[in-house]
Amino acid sequence: MGFIEYTNITLKMILDSGIIEPGTFIYSSSQPEVTGTINRDGSITIPLKRQEKVFYSPSGAARAVVKLSVNGWTFWRLLINNEYKELSFLRELYSDALKGA
């Protein structure tokens, strides 16, 4: 398989590879009380104003939280081995897995 740019790697691709499972929690970097859940289809569900809203990109979910255009791959964090990592770390893992294939 050829080189895939990070920007072309989606949460769905990462889920399908088995790197993470559906239901993985993500955490806002700016507001730790704001969390989200990664869904089976690669979307993200976050509770906003007492409602659960579904977003189809990390950046869309981040924008809904901070009301600014931000990079969702660096905005959201997840807990891996008791350490918070940016969501973009998953793209690195995916890319590394492809190189090893």
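**A chat about the sheet and its rings**

Guide: Let's start with Y84, which is partly exposed, with a relative accessible area of 48%. Keep in mind that this is a predicted model.

Visitor: Okay, and which residue does Y84 form an aromatic pair with?
Guide: With Y27. The two rings are edge-to-face, 5.5 Å centre to centre, with 85 degrees between the planes.

Visitor: Where do Y27 and Y84 lie?
Guide: Y27 is in strand β1 and Y84 is in strand β6, so their pair ties together parts that are 57 residues apart in sequence.

Visitor: And how does Y27 count for accessibility?
Guide: Y27 counts as partly exposed, at 22% relative accessibility. The cut-off for buried is under 20%.

Visitor: How many aromatic pairs does a search of the whole structure find?
Guide: Two. Besides Y27 and Y84, there is the pair of F75 and W76, which is edge-to-face with 5.0 Å between centres and 85 degrees between planes.

Visitor: Are F75 and W76 buried or exposed?
Guide: F75 counts as buried at 7% relative accessibility, and W76 counts as buried at 0%.

Visitor: Let's switch to the sheet. What's the order of the strands?
Guide: The sheet is open and has six strands, in the order β4-β3-β2-β1-β5-β6, with antiparallel pairing. At the edges are β4 (51–55) and β6 (83–86), each pairing on one side only. From one strand to the next, the twist averages 35 degrees.

Visitor: Which helix packs on the sheet?
Guide: Helix α2, residues 58–66, packs there and touches β1 (25–28), β3 (44–48), β4 and β5. The direction of α2 makes about 5 degrees with that of β3.

Visitor: What about helix α4, where does that lie?
Guide: Helix α4, residues 88–100, lies across β5 and β6 and runs at about 80 degrees to β6.

Visitor: Which ring does K85 lie over?
Guide: The ring of F89: K85 lies over its face, at 4.6 Å from the ring centre. Another charge over a ring is R91, whose charged end sits over the ring of W73, 3.7 Å from its centre.

Visitor: What sits between β3 and β4 in the hairpin?
Guide: Two residues. In this hairpin, K49 takes a positive phi near 50 degrees. R50 is placed in the loop between β3 and β4, and the phi of R50 is near 65 degrees, a positive value in a residue other than glycine.

Visitor: Is R50 buried or exposed?
Guide: Exposed, at 90% relative accessibility.

Visitor: Last one: what's the phi of N81?
Guide: Near 50 degrees, a positive value in a residue other than glycine. N81 is found in the loop between β5 and β6 and is exposed, with a relative accessible area of 73%.

Methods: Residues are numbered from 1 along each chain as its sequence is written. This is a predicted model: local features need pLDDT of at least 70, side-chain atom pairs count only at pLDDT 80 or more; totals for chains, interfaces and linings use all residues. Side-chain values use heavy atoms; hydrogens and water are left out. Two strands pair if DSSP finds at least two bridges between them. Helices (H or I, at least four residues) and strands (E, at least two) are DSSP runs, numbered from the N terminus. Axes are lines fitted to C-alpha atoms, for helices over the stretch in contact, and angles run from 0 to 180 degrees between N-to-C directions. Contact means heavy atoms within 4.5 Å. Rings of Phe, Tyr and Trp (its six-membered ring) pair if their centres lie within 6.5 Å; planes under 30 degrees apart count as stacked, over 60 as edge-to-face and the rest as tilted. Buried means under 20% relative accessible area, exposed over 50%, partly exposed in between (1.4 Å probe, protein chains only). A charge sits over a ring if NZ of Lys or CZ of Arg is within 6 Å of the ring centre and within 35 degrees of the ring normal.
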